[in-house]
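Visitor: I would like to learn how to read charged pairs and helix packing. Where do we start?

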Amino acid sequence: MAGRVLRLLAERGETVAVAESLTGGLVAAELTSVPGASRAFRGSVTAYATVLKRELLGVQEELLERRGAVDPDVALQMARGVRDRLGAAWGVATTGVAGPEPQDGRPVGTVYVAVCRPASADAEGGPAAGKVAALRLNGDRAEIRRESVRSVLDLLASELSDNARAKDTEQNGGN
């Protein structure tokens with residue numbers, strides 16, 4: 001999946017940046033394992049500590065205090081923050097509970113993955129400029145983390161494909 005995502009991005013001349021919490025750098029590792037990844041991969045921020053989500057990625061302090069770090073809006077703000085701070089067209093993020101203990105009142109296996117589209121979509125669509133998937137994963141810590149990586153890359157591939165179809169429709173007069 002990483003190869004497909006990087007190929008789609010390179011074909012479009014676009015880039016991606018990654019913000020990770022529970023995956024601890026695994027998304028970035030998966031992307032950079034693909035030869036030629038530097039054509040589309042800008043970099044990553046592993047913001048494992050909640051305070052770093054605010055300080056490095058710009059997640060709203062009030063949101064973190066009210067809902068905790070394991071939240072769909074936090075995931076989307078992480079994706080938007082890494083996109084903007086690392087100068088990428090697209091941002092992706094992972095946040096959740098890999099275990100062994102619950103966190104922020106959320107059970108083990110609660111994960112949110114997010115994709116934030118290019119900044120030009122922000123003006124057009126506001127919150128719709130991104131997409132969050134809520135996951136309830138089973139398995140041990142390693143399995144939850146692996147499935148989170150797969151899920152965020154799948155979500156990005158889907159958004160890239162949907163975005164390409166929308167652009168084709170616009171260029172062909174809506175037909």
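Guide: Start with a definition: a salt bridge is a side-chain nitrogen of Lys or Arg within 4 Å of a carboxyl oxygen of Asp or Glu. This is a predicted model, where local features need pLDDT of at least 70, side-chain atom pairs count only at pLDDT 80 or more, and totals for chains, interfaces and linings use all residues. Residues are numbered from 1 along each chain as its sequence is written, and side-chain values use heavy atoms, without hydrogens and water.

Visitor: How many salt bridges does a search of the whole structure find?

Guide: Side chains of opposite charge can pair when their charged atoms come close. The search finds eleven salt bridges. One of them joins arginine 117 and glutamate 159, with the closest N and O atoms 2.6 Å apart. Arginine 117 lies in the loop between strand 4 and helix 6, and glutamate 159 in helix 7, so the pair ties together parts 42 residues apart in sequence.

Visitor: Is glutamate 159 buried or exposed?

Guide: Buried means under 20% relative accessible area, exposed over 50%, partly exposed in between (1.4 Å probe, protein chains only). Glutamate 159 is buried, at 3%. Arginine 117 is buried too, at 16%.

Visitor: Which residues are linked in a network of salt bridges?

Guide: Arg67, Asp71, Asp73 and Arg106. Within it, aspartate 71 and arginine 106 meet at 3.8 Å, N to O. Aspartate 71 is buried, with a relative accessible area of 2%. Arginine 106 is partly exposed, at 23%.

Terms used
Helices (H or I, at least four residues) and strands (E, at least two) are DSSP runs, numbered from the N terminus.
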